[in-house]
Amino acid sequence: MLTFVLIIVLIIHLLYYIVLFAKLTKANSTIESKETDISDLSLVICYNNEEQNIAKCLPSIINQSINDIVLIDDNSTDNTYQILKENINPSISVFKNTTSSKGKKDALNLGVKKAKNNKILLTDADCIPASDQWATTMNKSGKNFVLGYAPMTKSKNLIGVFSQYETYLTAIQYLSYAKAGIPYMGVGRNMLVDKKIINQGVALIKGEKLMSGDDDLMINALSNKNNTTICIDPKTFVYSTPKTTFIDFIAQKARHMTTSVYYQPLHQILLGTFSFSQIMFYLIGMIGLMMGTISVSFFIIAIAIKWGVQQIINFSIMKKLNESDLFWKFPLLDIFLAIYYTIMPFYILFRKNKNTWN
């Protein structure tokens with residue numbers, strides 16, 4: 001019986017790779033270089049206590065040649081606001097969000113309001129674009145929403161490597177879902193949005209009391225197959241530094257995962273089934289081995305099939321997303337992923353709430 005269940009779980013899990021994720025293997029990874037007008041583009045960055053990062057971020061942002069850069073200070077208690085106010089670049093405007101509500105929503109709403117243009121590029125204050133063509137390339141599609149890739153910088157730290165892989169896996173999910181015509185999220189570190197559509201549909205965006213995930217829920221509520229596209233040109237990648245301690249990493253991911261309960265039912269079912277099948281494959285296999293109902297040789301064959309199919313698809317996608325260093329680390333990371341998916345619901349359930357979103 002467990003052998004049969006294991007086969008079903010394996011088939012379900014691999015269908016995600018074969019039917020959904022494989023769509024990215026055919027996606028264009030580069031966009032022809034040509035002049036693009038970005039006079040209709042604003043850049044919005046919301047931040048909270050980013051004194052240590054803002055000096056690294058500013059030069060790469062200014063190099064994008066965007067003439068309307070809006071920075072929103074969300075109740076910072078450090079010197080970030082003062083540092084930015086002393087910046088003399090005429091394209092940068094700094095505003096302070098003084099509302100006392102938790103979460104990023106008010107800061108993001110203020111940023112959208114203060115942006116002079118209809119198209120708005122979003123990122124965070126701890127992010128560094130891969131090139132000075134980030135803005136122009138993201139702006140080429142003409143779509144209302146453009147979902148970009150925001151990888152973690154390479155790390156030799158185990159938690160850093162897993163953070164890099166988890167970010168990659170999250171990306172191939174939201175990017176492939178968008179390619180399939182059912183976009184469900186994007187990351188606020190690298191996303192282009194339409195101010196007009198946001199203003200028209202603001203009442204549809206859920207999660208008012210959440211401390212993060214407002215950009216996710218914006219896409220979930222307002223994007224569709226006609227107004228949304230993806231951009232995986234390496235020139236548009238926006239890098240940030242991964243967490244290097246287990247506690248910091250799961251705390252960050254817990255904030256992100258609380259957003260998913262506000263997704264549309266179809267998205268919740270599809271995403272939940274994927275993570276559940278990942279957990280159950282290893283759990284059923286281990287139980288079957290201990291009970292003697294699944295043989296060691298059969299489980300090894302099942303693992304070989306699982307990893308083989310995943311790696312065939314991963315090879316192409318990792319190459320497109322400049323994540324090829326993860327390829328040989330994948331078997332260990334896949335096992336860690338099952339453990340991660342198992343412990344996170346319990347961590348979210350029993351953790352103490354925090355008042356910051358960054």
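## Sheet, cavity and buried elements

Strand S6, residues 145–147, pairs with S8 in the parallel sense, and 3 bridges connect the two. Within this pairing, Leu-147 has Ile-230 of S8 as its bridge partner. The model is a predicted one.

Both strands belong to an open sheet of 7 strands, whose order is S3-S2-S1-S4-S7-S6-S8 and whose pairing is mixed. Strand S3 (92–97) and strand S8 (228–230) are the edge strands, each of them pairing on one side only. From one strand to the next, the twist averages 25°. Helix H2, residues 54–62, packs on the sheet and touches strand S1 (41–47), strand S2 (69–74), S3 and strand S4 (119–123). The direction of H2 makes about 175° with that of S1.

| Strand pair | Sense | Bridges | Example of facing residues |
|---|---|---|---|
| S1 and S2 | parallel | 5 bridges | Ile-45 and Leu-71 |
| S1 and S4 | parallel | 5 bridges | Val-44 and Leu-122 |
| S6 and S8 | parallel | 3 bridges | Leu-147 and Ile-230 |

Strands of a sheet pair through backbone hydrogen bonds, in either a parallel or an antiparallel manner.

How many residues of S1 are buried? S1 is mostly covered, with 7 of its 7 residues buried. In a regular strand, side chains alternate between the two faces of the sheet. For S1, Leu-41, Leu-43, Ile-45 and Tyr-47 point one way, while Ser-42, Val-44 and Cys-46 point the other way, and all of them are buried. Of these residues, Ile-45 stands opposite Leu-71 in S2, and Val-44 stands opposite Leu-122 in S4.

Val-44 and Leu-122 also take part in lining a cavity. The structure holds 1 cavity of 30 Å³ or more, and the largest cavity has a volume of about 30 Å³. Its lining consists of Val-44, Cys-46, Lys-104, Leu-108, Leu-122, Thr-123, Asp-124, Gly-188 and Asp-215. S1 and S4 each contribute at least two residues to this lining. By residue class, the lining divides into 4 nonpolar, 2 polar and 3 charged residues.

Asp-215, one of the lining residues, is also among the buried residues of H8. Why is helix H8 described as largely enclosed by the rest of the structure? Helix H8 (residues 214–222) has 8 of its 9 residues buried, so the helix is largely enclosed by the rest of the structure. The buried residues are Asp-214, Asp-215, Asp-216, Leu-217, Met-218, Ile-219, Asn-220 and Leu-222. They pack against helix H4 (105–114), S6, strand S7 (191–194), helix H7 (195–201) and helix H10 (265–291).

Phe-299 counts as buried because its relative accessibility is 6%, and buried means under 20%. Leaving aside residues up to four places away in sequence, Phe-299 touches Leu-6, Phe-281, Gly-285, Met-286, Leu-289 and Ile-294. Phe-299 and Leu-158 are 141 residues apart in sequence, and their C-alpha atoms are 27 Å apart in space.

Methods. Residues numbered from 1 in each chain as written. Predicted model: local features only at pLDDT ≥ 70, side-chain atom pairs only at ≥ 80, totals over all residues. Heavy atoms only, no water. Pairing = 2+ DSSP bridges. Helix = DSSP H or I, 4+ residues; strand = E, 2+ residues; numbered from the N terminus. Axes fitted to C-alpha atoms, helices over the stretch in contact; angles between N-to-C directions. Contact = heavy atoms within 4.5 Å. 1 Å grid on protein atoms, 1.4 Å probe; cavity = no way out; pocket = protein on both sides within 12 Å on 5 of 7 lines; lining within 4 Å. Points joined across faces, edges and corners; volume = space filled by probe spheres on them. Nonpolar A, V, L, I, M, F, W, Y, C, P; charged D, E, K, R; others polar. Buried < 20%, exposed > 50% of the residue type's maximum accessible area, 1.4 Å probe, protein only.
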